[in-house]
Amino acid sequence: MSYASLMVYVEADAIPERRVRLAASLADKFAAMLIGVSALAIPPPVVADGMVLAESTDDDIELMRARLADKGNWFRGIAGGDHRRLDWHAALDFPAEALARAARSADLVLIGQMKAPGNAYRALDPGEAVLKMGRPTLVVPEGVNSLSAEHIVIGWKDTREARQAVRDALPFLQEATRVTIVEACGPGEEKTALGRLDDVARYLSHHRIKGGPKVMLEQKGSGAQQLIRIAQEERADLLVTGAYGHSRLGEWAARPRDRLPGRVEGAERASPDRRSL
């Protein structure tokens, strides 16, 4: 399995150069098409007491179009390569809506870790995007421009979303040198949990992936926070989880080798947070 089409969100009001470079390197790794996406929504008129106090003019809208066009040129300048296939999609729409629509063309989508300063008309909400796209999502923290997926931690929960996340991560898992499977279970559930982890390891073996060791944690408070802690302690490069049931951020996340992420997301050394398949 592989990824034939990668997509990266490019904020119109920011310069996510590291994320775009990461996306470009992954496109090269998988010999995939790389698609950049950006969007700005036209604000509605400001109305008070039945009177329109302010509204976007034709000139305002043309400036928005020009900003998106400039961002497309910037994207091509950063991601362009002699043999790299690129495409660019821009829309006058809410960022999450535009990205969800464009994601029909992607096998894997890369987005930022945190919502950029601004409002819903100009800034992408990662959680909203993950829930709407229905695509595997790599959540990339600031300052990360490469991903070494040699050690991958799978945060297992016996849910549809976790199963789909593992399947969608197979291109990364097949190239990993170490895969650790982790589940947080309640008291007295250890034997049943081990059976589930054995099944996951058996599934991976069908794809010539060696899954193990298996780690079971006693559920104490937030299972997501326990999983993140284990991934950080193990210095995992990538954390794969189902999106529902964790925080609201993404599916996969990674962290740089020299520092821990504020929560869980990213791309060089990894640690995830939420879901997105």
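Predicted model: local features only at pLDDT ≥ 70, side-chain atom pairs only at ≥ 80, totals over all residues.
**Entry 1: Arg-235.** I placed Arg-235 in the loop that runs between helix 8 (223–233) and strand 11 (238–241). I also noted that Arg-235 has a positive phi of about 50°, although it is not a glycine.

**Entry 2: Ala-31.** I then turned to Ala-31, which is not a glycine either and has a positive phi of about 55°. Ala-31 sits in the loop between helix 1 and strand 2 (33–39). Is Ala-31 buried or exposed? I found a relative accessible area of 61% for Ala-31, so this residue is exposed.

**Entry 3: Phe-30.** I found Phe-30 in helix 1. With a relative accessibility of 8%, Phe-30 counts as buried, because the cut-off for that class is under 20%. Which residues does Phe-30 touch, leaving aside those up to four places away in sequence? I recorded Ser-2, Tyr-3, Pro-171 and Phe-172. I also noted that Leu-6 stands 24 residues from Phe-30 along the chain, with 9.2 Å between the two C-alpha atoms.

**Entry 4: The nonpolar cores.** I next examined the largest nonpolar core, which has 44 residues. The members that touch the most others include Leu-26, Leu-110, Phe-172 and Leu-204. Helix 1, residues 17–30, gives the most to this core, namely 7 residues. I also found a second, separate core of 21 residues, with Ile-35, Ala-39, Ala-96 and Val-139 among them. As a general point, nonpolar side chains in soluble globular proteins tend to be buried together.

How values were computed: Residues numbered from 1 in each chain as written. Heavy atoms only, no water. Core = buried A, V, L, I, M, F, W, Y, C linked by side-chain atoms within 4.5 Å. Buried < 20%, exposed > 50% of the residue type's maximum accessible area, 1.4 Å probe, protein only. Helix = DSSP H or I, 4+ residues; strand = E, 2+ residues; numbered from the N terminus. Contact = heavy atoms within 4.5 Å.
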